Amino acid sequence: MSTENEGTAVPPAPSAPPVPVDAPAASAPQASDAGAPTAPLPPHPSGGPQGPELVHAGPAPAYASSEGQQQAGPGGPEGTWPPPQPPGTPLYADGGAGGPGAGGAGAGGAGPTGVWGAGYQQPAPKPSNGRGGLVAAILVAALVAGGLGGGLGYTLAKNNDNGSSTTVSASDSGGSVKRDAGTVAGVAQRALPSTVTIEAESTNGEGGTGTGFVFDTQGHIVTNNHVVADAVDGGKLTATFPNGKKYDAEVVGHAQGYDVAVIKLKNAPSDLKPLTLGNSDQVAVGDSTIAIGAPFGLSNTVTTGIISAKNRPVASSDGSGSNASYMSALQTDASINPGNSGGPLLDAQGNVIGINSAIQSTSSGGLGGTSQSGSIGLGFAIPINQAKYVAQQLIRTGKPVYAKIGASVSLEDSSGGAKITTEGAGGSAPVEAGGPAAKAGLKPGDVITRLDDSVIDSGPTLIGEIWTHKPGDKVKITYERDGKTHTVDLTLGSRTGDS
């Protein structure tokens with residue numbers, strides 16, 4: 001398929017990074033994103049989830065087909081793009097209402113099952129009885145006795161303090177305590193003032209809570225597309241800083257396929273401090289990570305972990321039944337939950353290396369009676385190098401630009417590679433005439449197994465890898481035809497917009 005959103009049903013995200021490929025994808029409940037690059041997802045197949053699931057943290061179609069094409073579904077070439085999401089599809093790490101077992105880590109559209117960050121209700125108190133009253137009375141008496149004993153002990157200690165004590169007390173200057181720059185507390189102290197809690201509400205009152213961070217001094221805030229999707233068409237959008245200051249905001253641009261969005265504060269303050277952007281290409285497995293967000297509406301929450309994997313192919317959804325996003329993600333075990341979506345993933349120096357977007361979940365949650373799921377230590381972030389490029393495009397033009405190869409590939413789950421289909425959607429050609437794939441000599445039936453040094457085990461993996469590049473980049477494609485392996489150079493084309 002080409003680099004645009006079209007294809008058959010999206011397979012679950014592979015359970016292992018592109019290299020090596022030896023494990024089948026984990027299954028997950030079907031979920032979806034809002035605003036797919038080309039067309040809405042078809043109805044979900046019946047039946048509940050059969051295994052672990054990813055929560056948006058990510059939906060599932062692959063964007064490898066040519067612009068405007070629709071990839072054939074499992075039942076035939078007429079399937080619409082994006083295709084239905086199969087079990088195993090990750091969900092957004094923010095919130096969107098999901099089906100059974102669906103969870104999220106950011107804000108997202110709220111469906112009939114609830115909204116991410118919904119209020120937690122305390123259980124009703126149990127009626128008191130005679131025994132309860134007695135226990136309470138004894139407790140009061142004990143507290144009184146404890147208070148008398150404590151006061152007496154303090155008096156005796158004060159009277160006996162003749163300056164011979166060997167204890168040492170910390171000095172107190174009366175000012176704020178400063179944390180060392182290299183500590184988690186130091187990083188949090190510097191980064192928190194530049195993060196915001198985002199509340200998005202649609203015209204019909206649905207919405208949710210997510211996170212974002214200051215991108216520049218002009219008031220631009222970067223977050224996930226699924227965090228602000230509800231407010232795109234006339235909805236309400238606000239951003240609140242840790243100091244309590246709240247600003248109305250508007251969507252500057254959003255990229256459903258990348259799951260990146262940029263909003264701008266109205267009447268932005270003049271003292272904004274953008275977070276420093278790191279280099280996600282230089283991140284190594286084992287590096288320390290710090291995540292900031294609003295899990296379940298608990299704003300300004302800081303969690304820590306490490307980079308547990310790189311280049312993880314993830315197709316994710318917000319759980320609302322619409323469209324999907326793709327990423328070659330950074331995997332972290334830092335705790336990420338619904339409401340974290342759109343927040344920064346920082347390195348040990350406080351540089352942004354990713355945007356928290358999705359989580360893997362094993363079962364439905366129960367907070368507030370919704371189907372939200374929580375962290376099990378498998379979170380996924382969009383690499384900041386990719387997100388920076390997308391955000392800059394959105395600020396300049398308001399529309400995303402996607403790289404493409406100009407061929408339709410199968411989205412069926414496999415470990416053999418990304419197969420170019422023999423029929424395109426709606427009778428279109430499987431290989432776009434005059435497109436990058438055609439110029440490179442690729443034909444229907446060819447199976448792409450590598451893109452540069454990355455192993456390609458499926459259509460979604462190919463799409464995620466293509467989207468880590470920019471239009472015009474030259475890549476080396478390895479493919480199999482008639483049992484023989486071939487390698488060709490290919491210059492990536494481009495497509496503008498999500499539809």
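Q: Which residues form one aromatic cluster?

A: Tyr-258, Tyr-326, Tyr-402 and Trp-467 do. Rings of Phe, Tyr and Trp (its six-membered ring) pair if their centres lie within 6.5 Å; planes under 30 degrees apart count as stacked, over 60 as edge-to-face and the rest as tilted.

Q: Before we go on, what should I know about the model and the numbering?

A: This is a predicted model, where local features need pLDDT of at least 70 and side-chain atom pairs count only at pLDDT 80 or more, while totals for chains, interfaces and linings use all residues. Residues are numbered from 1 along each chain as its sequence is written, and side-chain values use heavy atoms, with hydrogens and water left out.

Q: OK, how many aromatic pairs turn up in the whole structure?

A: Five. One of them is Tyr-258 with Trp-467, a tilted pair at 5.3 Å centre to centre with 55 degrees between the planes.

Q: Where do those two sit in the chain?

A: Tyr-258 is in the loop between strand 9 and strand 10, and Trp-467 is in the loop between helix 6 (459-466) and strand 21 (474-481), 209 residues apart. Helices (H or I, at least four residues) and strands (E, at least two) are DSSP runs, numbered from the N terminus.

Q: And is Trp-467 buried or exposed?

A: Buried, with a relative accessible area of 2%. The cut-offs are under 20% for buried, over 50% for exposed and partly exposed in between, with a 1.4 Å probe and protein chains only.

Q: Why is the pair of Tyr-326 and Trp-467 edge-to-face?

A: Because the ring planes of Tyr-326 and Trp-467 are at 80 degrees, with the centres 6.2 Å apart. Tyr-326 is in strand 13 (residues 325-332), 141 residues from Trp-467.

Q: Switching topic: which strands close into a barrel?

A: Six of them, in the order 5-6-7-10-9-8, with antiparallel pairing. Two strands pair if DSSP finds at least two bridges between them.

Q: How many bridges join strand 5 to strand 8?

A: Five, between residues 195-201 and residues 236-240. Glu-199 stands opposite Thr-238 there.

Q: Last one, what's sitting over the ring of Tyr-389?

A: The charged end of Lys-470, 5.1 Å from the ring centre. That counts if NZ of Lys or CZ of Arg is within 6 Å of the ring centre and within 35 degrees of the ring normal.
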